[in-house]
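Here is a short tour for anyone meeting this structure for the first time. Have a look at it, then read on.

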Amino acid sequence: MASVLFRGIQTRPFLLYPSALLSRKNGVLFCTTKCSQSQTATQENQQTQMKVSPRTHTKKVEKILHDYEAIIGIETHVQLDTLTKAFCSCAYLYGSQPNTNVCPICMGLPGTLPVLNSKVIEFAVKVGLALNCNLSMNSKFDRKQYFYPDLPKGYQISQFDIPIATGGFIELDLPTEYGGGHRKFGITRVHMEEDAGKLLHSGNGSYSQVDLNRAGVPLLEIVSEPDIRSGLEAAEYAAEIQRLVRYLGVSNGNMQEGSLRCDVNVSVRPIGQLEYGTKVEIKNMNSFSAMNRAIDFEISRQVDLYSKGEDNQIIQETRLWEEGAQRTVTMRKKEGLADYRYFPEPDLPEVVLSEEYVDNIRASLLELPEVKRRRYERMGLSMQDVLFLTNDMNVADFFDATIERGAEVKMAANWIMSDIAAYLNNEKLSINEIKLTPQELAELISSIKGGTISGKIGKEILFELISNGGTVKALIEEKDLVQASIPTLLIFMVNIKFIK
Amino acid sequence: MSTRVSFVMGVSSLLQRRCLWSSQWRVRNYSVRSAPLPPDLPLLAETARISLTPKEVEEFTPKIQQVINWFGQLQAVDLQSIEPALRADTEGDNLRNDVPETFENREAMLSAVPSFEEPYIKVPKVLNKE
């Protein structure tokens, strides 16, 4: 098997690790909550897939693909990185002491009125445009009514029938380690809403505790079309949404913090059948790899029932993913569907967008991941390299800056993906935090290309540059590292011979 | 405040639900002409978390029916050539800049909470959402 380059900064140098399938050495590299780099779905997969024997897993998956198809849709909630909440001026700081970021509005006290944060609209439009949606130039808010301790007003302000954006799509590339492939998934809608507080269940079970810091924090709900067909595609879809919101600067997209939450709807049907099967909702997946495994499990569960003629046992319900047991289980069954009694929010005016407003935002958007990937492909980079470099926007910017200064494309990519990535992993840094500048990397590359120094020397200098900064020229002089050229060497040897 | 409001709004949303066919948000059917459905009062009270005695259910049902019928008069209006209005008002937007402000009297709010166990609001254990 060809050696596999792991995508993303979080991995060890690719040279040391052959085939992903045969040797799943568990990397000790985890994305802690402090780490701002995105850990891709594949990397998480590789860390946890030790539990499932590759051969039985592949066999099972193959059987499923042959006879049935899975229809999967994903609802993603993205917490927006605004300074204040959606409808009041409270700040939101993750990790604050409970019930300190609160005011009468977000606590739902009588007599209060919501006032919309203009940034929320801006972020919603950004996401809508990035997802190639049609924007509703006029949209409204509605009340979604239900009773729950973390919902102070007894309703959530959301958008029901006129969301701010509809009918878009997202494109992504599946990792090469899993066969690669390009995918395009439809986006049904994007709408604005507010988050609820946090409900904690006490140990002894007689009461619960509520923290309203999070109540009123703005969310964007992104609903996909049921175009997704496997756990892998679902995990990559979620990873691309995360990449997108980070590129746009609207959210940090951290699943661990709860800034990115995904609920999945899964149904299966025998290939050739026109009607959809019964769909089952799955909640409580806390990582991309958990999504992948949960969905694959659920597909197996449903197909299993179909194959035994017991598909009537698949009921429309919500199931929870149990990370420990690696299975989905029924939540306590509800009676009937929820009736949210939606009606237009009387306390908020229409959201009106002007063409000018939208055009300004469109013009301000930076190059998005999909466009960047296609551009890097045209530059001649392999898909592995493309996926690595575009995963983190800061890395892509560093790479672009380096080649702008004349560095050769493939060499720049290699340096970033191997030595620099290794350093970043070990020191748990982001590429913005090292002392190496794109200018100096370009200088280093041209020095090696021009023969001034060898590749080996280059590596030494690189380490120095990353940790302490400085310039390539200065370091070469300082350490007297100029590589002797062949003609000089020959003259030297000839001279010696004559002296002898 | 909120339970009574939600009760009344529940009634009006009954009307709305007839227009938004089976909670499928995409479809808006404005051409409904038939008489409104009789209200299911026990269900309505349940969703609004208001307890009613059987006597009250019997008493209130025709009254609520009258309210619905009163709104139902609007169905006589020909809307074929009218652009749907999203909302009743025409005031324009009311937006706030994204600038944080700390609420000064947090202590007063928290001390008004019936059951507060520092730093959390203590509530009965509720497992299922509605």
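Let's start in chain A, where A:Lys144 sits opposite A:Gln156 of strand 6. Keep in mind that this is a predicted model. Strand 6 covers residues 155-158, and strand 5 pairs with strand 6 in the antiparallel sense through 4 bridges.

Which way do the side chains of strand 5 point? A:Asp142 and A:Lys144 go one way, while A:Arg143 and A:Gln145 go the other. In strand 5 of chain A, the four residues A:Asp142, A:Arg143, A:Lys144 and A:Gln145 are all buried.

Now for a spot where the chains come together. An open sheet of 4 strands runs in the order 9(A)-10(A)-3(B)-2(B), with antiparallel pairing. Strand 9 (198-201) of chain A and strand 2 (116-117) of chain B stand at the edges with a single partner strand each, so one side of each has no neighbour in the sheet.

The link between the chains is made by strand 10 (residues 207-211) of chain A and strand 3 (residues 120-124) of chain B, which run antiparallel and are joined by 4 bridges. One residue to look for is A:Gln209, whose bridge partner in strand 3 of chain B is B:Lys122. In the loop between strand 2 and strand 3 of chain B you'll find B:Pro119. The peptide bond leading from B:Glu118 to B:Pro119 is cis, with omega near -5°. For context, most peptide bonds are trans.

## A left-handed crossover

Back in chain A, strand 12 (residues 260-270) and strand 13 (residues 280-283) run antiparallel, joined by 3 bridges. A:Val266 has A:Val280 of strand 13 as its bridge partner. Strand 13 also pairs with strand 14 (residues 318-322) of chain A, but here the two run parallel, again with 3 bridges. In this pairing, A:Glu281 stands opposite A:Thr318.

How does the chain get from strand 13 to strand 14 of chain A? The path goes through helix 5 (residues 288-307), and this β-α-β crossover is left-handed.

A:Leu244 belongs to helix 4 (residues 231-248) of chain A. Is A:Leu244 buried or exposed? With a relative accessibility of 6%, A:Leu244 counts as buried. Leaving aside residues up to four places away in sequence, A:Leu244 touches A:Ala130, A:Leu131, A:Leu368 and A:Pro369. A:Leu244 and A:Glu370 are 126 residues apart in sequence, yet their C-alpha atoms are 9.2 Å apart in space.

A:Ala196 is found in the loop between strand 8 (182-194) and strand 9 of chain A, and its 12% relative accessibility makes it buried too. Its contacts, not counting residues up to four places away in sequence, are A:Asp150, A:Leu151, A:Arg214 and A:Ala215. One of these, A:Arg214, is 18 residues away from A:Ala196 along the chain, with 6.2 Å between the C-alpha atoms.

## Chain B at a glance

Chain B has 4 helices and 3 strands, arranged along the sequence as α-α-α-β-α-β-β. Of its 130 residues, 27% count as buried. Its accessible surface is about 9400 Å², and 58% of that belongs to carbon and sulfur atoms.

## Two positive phi angles

Most residues other than glycine have a negative phi. A:Lys428 is not a glycine, but its phi is near 55°. A:Lys428 lies in the loop between helix 10 (409-427) and helix 11 (438-449) of chain A, and is exposed, with a relative accessible area of 52%.

B:Arg49 also has a positive phi, about 55°, without being a glycine. Its place is the loop between helix 2 (41-47) and helix 3 of chain B, and B:Arg49 is partly exposed at 39% relative accessible area.

Methods
Residues are numbered from 1 along each chain as its sequence is written. Chains are lettered from A and ligands numbered from 1 in the order in which they are written. This is a predicted model: local features need pLDDT of at least 70, side-chain atom pairs count only at pLDDT 80 or more; totals for chains, interfaces and linings use all residues. Side-chain values use heavy atoms; hydrogens and water are left out. Two strands pair if DSSP finds at least two bridges between them. A crossover is right-handed if, with the strands pointing away from the viewer, the path from the first strand over the helix to the second runs clockwise. Buried means under 20% relative accessible area, exposed over 50%, partly exposed in between (1.4 Å probe, protein chains only). Contact means heavy atoms within 4.5 Å. Accessible areas come from the Shrake-Rupley method with a 1.4 Å probe; for residues, only the protein chains shown count as cover.
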